Amino acid sequence: MTRLAQTAGLNDVQREILSTVRDFVDKEIIPVATGLEHRDEYPTEIVEGLKELGLFGLMIPEEYGGLGESLLTYALCVEEIARGWMSVSGIINTHFIVAYMLKQHGTQEQKDTFLPRMALGEVRGAFSMSEPALGSDVSAITSKGVRDGEEYVLNGQKMWLTNGGTSSLVAVLCRSDEGHPEGTAPHKSMTTFLVEKEPGFGEVLPGLTIPGKIDKMGYKGVDTTELIMDGLRIPANRVLGGTTGRGFYQMMDGVEVGRVNVAARGCGVAQRAFELGVSYAQQRQTFGKPIAQHQAIQFKLAEMATKVEAAHAMMVNAARKKDSGERNDLEAGMAKYLASEYCKEVVEDAFRIHGGYGFSKEYEIERLYREAPMLLIGEGTAEIQKMIIGRRLLEEYRIQG
Ligand SMILES: Cc1cc2nc3c(=O)[nH]c(=O)nc-3n(C[C@H](O)[C@H](O)[C@H](O)COP(=O)(O)OP(=O)(O)OC[C@H]3O[C@@H](n4cnc5c(N)ncnc54)[C@H](O)[C@@H]3O)c2cc1C
């Protein structure tokens with residue numbers, strides 16, 4: 001079932017990578033995903049397989065041991081993986097964002113220290129902006145880093161870290177007033193700190209606690225945690241890029257590529273929902289014929305497939321724009337917004353096609369139904385995407401006079 005969501009203009013290497021990933025998804029992920037998800041179990045074997053495929057280093061430059069691939073290749077791989085199980089794409093997504101931020105903004109020493117081990121999946125990344133009292137409003141961050149000799153002392157509570165427990169490198173956004181006097185604009189007085197830690201829960205370092213997994217309605221298997229810093233000391237050379245005050249811009253750069261990624265996840269989940277719906281519709285009989293022969297169901301399939309195609313096209317466009325070196329915040333915002341909304345709608349339609357069985361945990365669509373809403377929130381909610389899109393449109397279409 002590969003007629004939908006084709007991508008024109010891929011080179012041989014991209015086609016080969018995607019075919020390998022699709023094969024891995026069909027054989028190693030889809031058969032076990034729902035069972036693992038229901039048990040909220042970390043997919044250790046799948047992660048080992050991803051390491052072997054080199055996916056943790058897909059976009060890391062070859063000089064650091066990665067595959068040096070484009071954002072498009074990466075996004076298409078994420079789409080395939082999310083088609084199998086969205087949680088697995090979550091495991092590589094924050095890793096990818098941190099590696100990207102290091103590549104774009106890290107000092108040479110930081111790149112040399114982390115990127116080769118990140119490419120192998122030995123060091124795994126998480127990124128942390130959100131706090132208990134804020135998610136969309138990043139300017140309201142209260143966690144703080146204060147310089148003390150050759151170290152920084154970090155205090156504050158962070159919320160919703162994807163891979164918070166399993167990661168060993170967390171990019172943490174804090175306020176830092178060193179050199180930024182009282183009254184400095186919030187986005188100019190933030191710093192990204194690179195916090196190295198052991199994977200696990202509890203007090204993983206003196207002054208750093210990962211309390212445990214947050215119990216979620218879906219997106220299970222992957223750990224999502226809080227992070228508490230209480231006098232956590234880190235060396236001064238672990239300020240991303242070596243200079244304080246740039247954290248907000250670094251994080252927004254990371255989130256921008258992350259948005260293409262979330263769009264890709266929406267595409268993958270929607271594709272799987274379509275596959276499940278179109279298959280079930282040909283098997284279930286009502287009133288003497290398969291329900292696929294009722295026009296109302298055909299119309300649903302037509303709408304679902306059209307949404308899958310449209311979301312895929314916008315996601316590919318946003319990735320290609322970034323790869324060409326151009327600003328892509330408008331395209332990434334549009335792709336993330338559309339793909340996540342369409343994903344929710346396609347999943348809902350596939351669920352309806354399943355009738356009562358869609359409500360049974362035996363059917364895969366039940367899992368997708370609980371996963372799709374996460375995409376409406378992560379990497380900026382729909383409202384935040386619309387704010388970004390609206391502002392950019394007014395920049396582009398400003399009238400003279
Ligand atoms: C499973 C999961 C994993 C996550 N992983 C991470 C992670 O790895 N790292 C990380 O830093 N964060 C992570 N997050 C946090 C996520 O980024 C935030 O939840 C998200 O940005 C929304 O923030 P919030 O939950 O505080 O909602 P709020 O910002 O409180 O928003 C609540 C509602 O108000 C709306 N709203 C807010 N401001 C406006 C406005 N100006 N105009 C109109 N409407 C508005 C929002 O759209 C939303 O509908 C994760 C969240 C979840 C659920």
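This is a predicted model: local features need pLDDT of at least 70, side-chain atom pairs count only at pLDDT 80 or more; totals for chains, interfaces and linings use all residues.

Visitor: How are glutamate 341 and lysine 344 placed in helix α8?

Guide: The two are three residues apart in helix α8, so about one helical turn separates them.

Visitor: Which parts of the chain does the salt bridge of glutamate 345 and lysine 307 tie together?

Guide: The side chains of glutamate 345 and lysine 307 meet with an N to O distance of 2.7 Å. Glutamate 345 belongs to helix α8 (residues 329-353) and lysine 307 to helix α7 (residues 295-323), so the bridge ties together parts 38 residues apart in sequence. As for accessibility, glutamate 345 is partly exposed at 27%, while lysine 307 is buried at 17%.

Visitor: How many salt bridges does the structure hold?

Guide: The structure holds 35 salt bridges. Another of these pairs arginine 367 with glutamate 371, whose closest N and O atoms are 3.2 Å apart. Both residues lie in helix α9 (residues 364-377), four residues apart, or about one turn of the helix. Arginine 367 is buried, with a relative accessible area of 1%, and glutamate 371 is likewise buried at 1%.

Visitor: Which residues do salt bridges with shared partners join into one network?

Guide: One network is formed by Arg22, Asp26, Glu80, Arg83, Arg272, Glu275, Glu364, Arg367 and Glu371, joined through salt bridges that share partners.

Visitor: Let us turn to the domains. What domains does the assignment give?

Guide: The domain assignment gives domain 1 (12-119), domain 2 (125-245) and domain 3 (249-396). The centres of domain 1 and domain 3, taken over C-alpha atoms, are 20 Å apart. In terms of contact, 29 residues of domain 1 touch 32 residues of domain 3.

Visitor: How is the size of an interface often given?

Guide: It is often expressed as the accessible area lost when the parts come together. Between domain 1 and domain 3 the buried area is about 2600 Å², with carbon and sulfur atoms giving 61% of it. On the side of domain 1, Leu71, Glu79 and Met86 lose the most area to domain 3, together accounting for 25% of what that side buries.

Visitor: How many salt bridges and how many polar contacts cross the interface of domain 1 and domain 3?

Guide: Two salt bridges are found across this interface, and 15 residue pairs are in polar contact there, both residues being at pLDDT 80 or more.

Visitor: Which elements give two or more residues to the side of domain 1 that touches domain 3?

Guide: They are α1, α3 (71-84) and α4 (86-105). The largest share, 11 residues, comes from α4. By residue class, that side of domain 1 divides into 15 nonpolar, 10 polar and four charged residues.

Visitor: Where does tyrosine 219 lie, and is it buried or exposed?

Guide: Tyrosine 219 lies in the loop between β7 (208-210) and β8 (224-235), and at 4% relative accessibility it is buried. Tyrosine 219 also has a positive phi of about 55° without being a glycine.

Visitor: Finally, what distance separates the C-alpha atoms of glycine 49 and methionine 304?

Guide: The C-alpha atoms of glycine 49 and methionine 304 are separated by 31 Å, and the two residues are 255 residues apart along the chain. Glycine 49 is placed in helix α2 and counts as buried at 12% relative accessibility.

Key: Residues are numbered from 1 along each chain as its sequence is written. Side-chain values use heavy atoms; hydrogens and water are left out. Buried means under 20% relative accessible area, exposed over 50%, partly exposed in between (1.4 Å probe, protein chains only). Domain bounds come from an automatic or database domain assignment. Contact means heavy atoms within 4.5 Å. Buried area is the accessible area (1.4 Å probe) that two parts lose on being put together, summed over both. A salt bridge is a side-chain nitrogen of Lys or Arg within 4 Å of a carboxyl oxygen of Asp or Glu. A polar contact is a pair of N or O atoms within 3.5 Å; within protein, one must be able to donate a hydrogen and the other to accept it, and residues adjacent in sequence count only if both atoms are side-chain atoms. Ala, Val, Leu, Ile, Met, Phe, Trp, Tyr, Cys and Pro count as nonpolar, Asp, Glu, Lys and Arg as charged, and the others, Gly among them, as polar.
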